[in-house]
Amino acid sequence: MTRAQKKQAEDFLKLLGRAHDGIKRMIETGDDGAALDLLSQCQECAIQMGEIIEAVEGEDFVTIPLIEEYCELAYQVYEKISRNGQVSGNRVNKALRKSLVRMENSVKNDIPERMEVVFLPYKASMWDSLESVWKAADEDPNCDAYVVPIPYYDKNPDGSFREMHYEGGEYPAYVPVTSYQEYDFSMRKPDMIFIHNPYDDCNYVTSVAPEFYSENLKKYTEKLVYIPYFVLGEIDPGNKEAVEGMAHFCTVPGVIHSDVVIVQSENMRKAYIDVLTETAGEKTRPYWEKKILGLGSPKMDKVLESDQEAFELPEEWRRILEKPDGSRKKVILYNTSVTALLKQGDQMLQKMKSVFETFKESVEEVALLWRPHPLIKATIESMRPQLWMDYEKLEEQYREEGWGIYDDSAELNRAIALCDAYYGDGSSLVQLCQKAGKPVMIQNVEIL
C-alpha cells in the first residue's frame with residue numbers, strides 16, 4: 001500500500017473515532033435520528049476503507065474481517081435504536097471503540113507501507129528520458145514501479161483532436177507495461193508520478209489525453225516530477241540572449257504544476273530559475289530554487305550504457321551496413337528536425353535531396369542512417385499540408401531505393417551506438433552524440 005493510501009485509511013479511522021463521540025452524545029440526548037444517520041455514515045466510511053485495502057492487499061487480507069466485524073456491530077446498534085430499544089450511549093461508544101482499536105492496530109502493523117512510483121511516457125522513442133530513473137525505482141526492494149504509457153492525439157489546425165496513438169507495445173521487452181485503462185490513479189494514489197511531456201493543451205501539433213495533463217495528475221499524487229524528453233545545447237546562464245532563446249521551455253504547464261523539475265545540468269537549472277523568477281517575480285526565487293534540480297538527464301545515462309553489440313539489427317540493415325568482405329562500413333547518422341522543415345520549407349527538401357544523392361554515390365564505403373524527428377509527420381501534415389505531400393514523396397523514394405537505412409523506431413540509442421558520426425540539424429541528438437564521443441557536423445541548408 002502506498003503512503004498516501006495508508007494515510008487515507010488512517011484518516012478514515014480518525015473520522016470514525018470522532019463519529020463515535022457524536023453517536024454517544026446523540027443517544028444520550030435522545031436524538032435517535034441523528035445517531036442513526038451517523039451510524040450509517042460510519043458503515044459507509046468503513047466499507048470505503050475496506051474497498052481500498054482489498055484492492056491493494058487482496059480480499060483475504062487480515063484487516064478485511066475486522067472491518068466486516070465493525071460494520072456488523074454498527075448494523076446491530078442501528079437496528080436496536082430503530083426498534084426503540086434501550087441503548088446506553090456509553091456502552092455503544094465502548095463497543096465501537098473496541099472494534100475501532102482492532103482495525104487501527106491492523107492498519108498500523110499489518111499493512112506494509114511501500115513507495116509506489118508511476119512513469120507516464122507517451123512516445124516510446126522518448127522513453128530513454130525516464131528509463132534510468134525507472135530502473136533505479138524498479139531495483140529498490142521497497143518500491144513498486146509502474147510504466148504506464150499514455151495515449152496521445154494529433155491535432156487539427158483548429159486545435160481539435162484527430163488521430164489517437166498508443167505505443168504501449170513498442171517498449172523494450174525488459175520493460176513491463178501496465179495499461180493506462182487498468183491503473184486506477186484515484187484508487188492507488190501513487191507516491192510519485194514522473195512525466196516527460198510538459199505541454200498539456202499548449203502544443204499546437206499533438207496532445208496527450210487530457211486526463212493526463214499535469215494539472216490533472218496533481219490530484220492523485222503528493223509529488224509530480226517532470227523530466228524533459230529533450231536535451232538542449234548547454235548555455236551560459238549569464239548570456240541573456242541564450243537564456244531568452246530557451247525561455248519557452250521553462251514556462252510550460254508541466255514545469256509550473258510539477259513539484260520537482262529535473263534538468264540536464266546546473267547551468268540549465270540556473271537558467272530555468274532566472275526565467276521563472278523574471279516571469280513570476282523576485283519573491284518567488286526561493287520556490288524555484290527548491291523545485292528545479294540540475295541532476296542530469298536520463299537520456300545521457302542511456303547513451304553512456306548503450307553499446308552497438310547489445311542491439312539486434314534487422315537483416316535489411318545488415319545488408320546495407322556490411323561490405324562484400326564482411327567488414328562494416330562507416331555509418332553516418334543523418335537527423336532532420338521539425339524546426340528546419342518549417343523554417344526552410346522547399347529549400348530544406350532540396351537540401352535533403354542533395355544529401356541523399358551525395359551519400360548514394362558513396363554506398364560502397366559509407367552507410368547513411370536517416371532518422372527524422374518522430375513528430376515530423378504530425379507537425380508538417382497539420383501545419384504545412386503541401387510541404388508534407390512533397391516530403392512524403394521524398395521519404396517514399398528513399399525507402400524504396402533501399403540503399404540507405406530509414407529508422408523511425410523507438411530505439412534512438414541503437415542509432416547513436418551504431419553510428420560513427422552525426423550529420424544533420426541541430427537537435428537533442430547533437431548533445432547525445434557528443435556525450436557518446438561521436439563527431440558532429442551541423443548541415444547548412446544553403447549549401448547543396
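Modeller: The lining of the largest pocket receives at least two residues from each of α14 (338-344), β11, α16 (376-383) and α19 (428-435). Helices (H or I, at least four residues) and strands (E, at least two) are DSSP runs, numbered from the N terminus. This is a predicted model, in which local features need pLDDT of at least 70, side-chain atom pairs count only at pLDDT 80 or more, and totals for chains, interfaces and linings use all residues. Residues are numbered from 1 along each chain as its sequence is written, and side-chain values use heavy atoms, with hydrogens and water left out.

Colleague: What makes a space a pocket, and which residues are closest to the centre of the largest pocket?

Modeller: On a 1 Å grid over the protein atoms alone, a pocket is an open set of points where a 1.4 Å probe fits, with protein on both sides within 12 Å along at least five of seven lines; lining residues have an atom within 4 Å of a point. The largest pocket holds about 1,300 Å³ of space, a volume being the space filled by probe spheres set on the points, which are joined across faces, edges and corners. Its lining comprises 44 residues, with Tyr229, Phe249, Val338, Thr339 and His373 closest to the centre. The largest share, 6 residues, comes from α14.

Colleague: Why is the pair of tyrosine 334 and phenylalanine 356 called edge-to-face?

Modeller: Rings of Phe, Tyr and Trp (its six-membered ring) pair if their centres lie within 6.5 Å; planes under 30 degrees apart count as stacked, over 60 as edge-to-face and the rest as tilted. A search of the whole structure finds 25 aromatic pairs. For tyrosine 334 and phenylalanine 356, the centres are 6.0 Å apart and the planes 85° apart, so the pair is edge-to-face. Tyrosine 334 belongs to strand β10 (residues 330-336) and phenylalanine 356 to helix α15 (residues 346-360), so the pair ties together parts 22 residues apart in sequence.

Colleague: How do you know whether tyrosine 334 and phenylalanine 356 are buried or exposed?

Modeller: Buried means under 20% relative accessible area, exposed over 50%, and partly exposed in between (1.4 Å probe, protein chains only). Tyrosine 334 has a relative accessible area of 0% and is therefore buried; phenylalanine 356, with 7%, is also buried.
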